[in-house]
Amino acid sequence: MPVAQGRRRPRGEARRRILRLAAKWLQQRGYHGFSFGQIADALEIQSGAVHYHFPSKPDLVTAVFAGYRVEFAWWREQMDSSRYGPLEQVGRFLDLEARNIEGERVCPLGVAGVEYASLPAQACAEAEGLRDDLAEWLTGLLETGRLEGTLDFPGDASDQARAIMAAAQGALQLVRLHGRDDFAAVRRAILAGLTPRGV
């Protein structure tokens, strides 16, 4: 049902609500799992209002992935200015991923990986940027921890960063099949594998 004339929301707020719902459904249902009409019904707005902000579904999904990058950049700034050491920051990253469990969502990169062939090119470019952003941050964090002696792991830091990313995404998939204990087990294994011997 459309919002009554006297209760019309500001355009900026409507855009944010559309993006939030699209992000949620993208992680729960996948790219082909929702339509503009369903978004309009759920938010009780006219379908034309969705098209006003996002002319097409590729435009909407591209904006969703761009939003993930903005959110991660903000979160990264919080970590950079915090007192958390490298091992604690890896743990915080895994906790961030674990928030998807409550909403029965998969990681945005997990969605992009599974549906890459059918995603619009612009959305793929933003997803690739998100992957690069995360890999760059994790690689730098691991290198810092190794130099400080607070982290220990075999091989190259960039390889280890990608292994952590893959493990977190896979753990979210396991949760859907079995339960949240699987994510907790993967989290413990990742942190144990980074902890220097004797610590």
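Predicted model: local features only at pLDDT ≥ 70, side-chain atom pairs only at ≥ 80, totals over all residues.
You'll find Gln-160 in helix α8, which covers residues 157-177. Setting aside neighbours within four places in sequence, Gln-160 touches Leu-142, Phe-153, Pro-154 and Leu-194.

Now for the nonpolar interior. In soluble globular proteins, nonpolar side chains tend to be buried together. Here, the largest nonpolar core has 60 residues, and the ones with the most contacts inside it are Leu-26, Ile-39, Leu-60, Phe-65, Phe-93, Trp-137 and Leu-138. Helices α1, α2 (36-43), α4, α5, α6, α7, α8 and α9 (181-194) each put in at least two residues, with α7 giving the most, at 10 residues. Take a look at Leu-60: leaving out neighbours within four places in sequence, Leu-60 is in contact with Ile-18, Leu-19, Ala-22, Phe-34, Phe-36, Ile-39 and Phe-54.

Next, the empty space. Rolling a probe the size of a water molecule over the atoms shows where such space is left. The largest pocket comes out at about 690 Å³. It is lined by 26 residues, and Gln-27, Tyr-68, Glu-71, Phe-72 and Pro-108 sit closest to its centre. At least two lining residues come from each of α1 (11-29), α4 (57-80), α5 (86-102), α6 (108-115) and α7 (121-148). Helix α4 has the largest share of that lining, with nine residues. Sorted by class, the lining of the largest pocket is made of 16 nonpolar, three polar and seven charged residues.

Terms used:
Residues numbered from 1 in each chain as written. Heavy atoms only, no water. Helix = DSSP H or I, 4+ residues; strand = E, 2+ residues; numbered from the N terminus. Contact = heavy atoms within 4.5 Å. 1 Å grid on protein atoms, 1.4 Å probe; cavity = no way out; pocket = protein on both sides within 12 Å on 5 of 7 lines; lining within 4 Å. Points joined across faces, edges and corners; volume = space filled by probe spheres on them. Nonpolar A, V, L, I, M, F, W, Y, C, P; charged D, E, K, R; others polar. Core = buried A, V, L, I, M, F, W, Y, C linked by side-chain atoms within 4.5 Å. Buried < 20%, exposed > 50% of the residue type's maximum accessible area, 1.4 Å probe, protein only.
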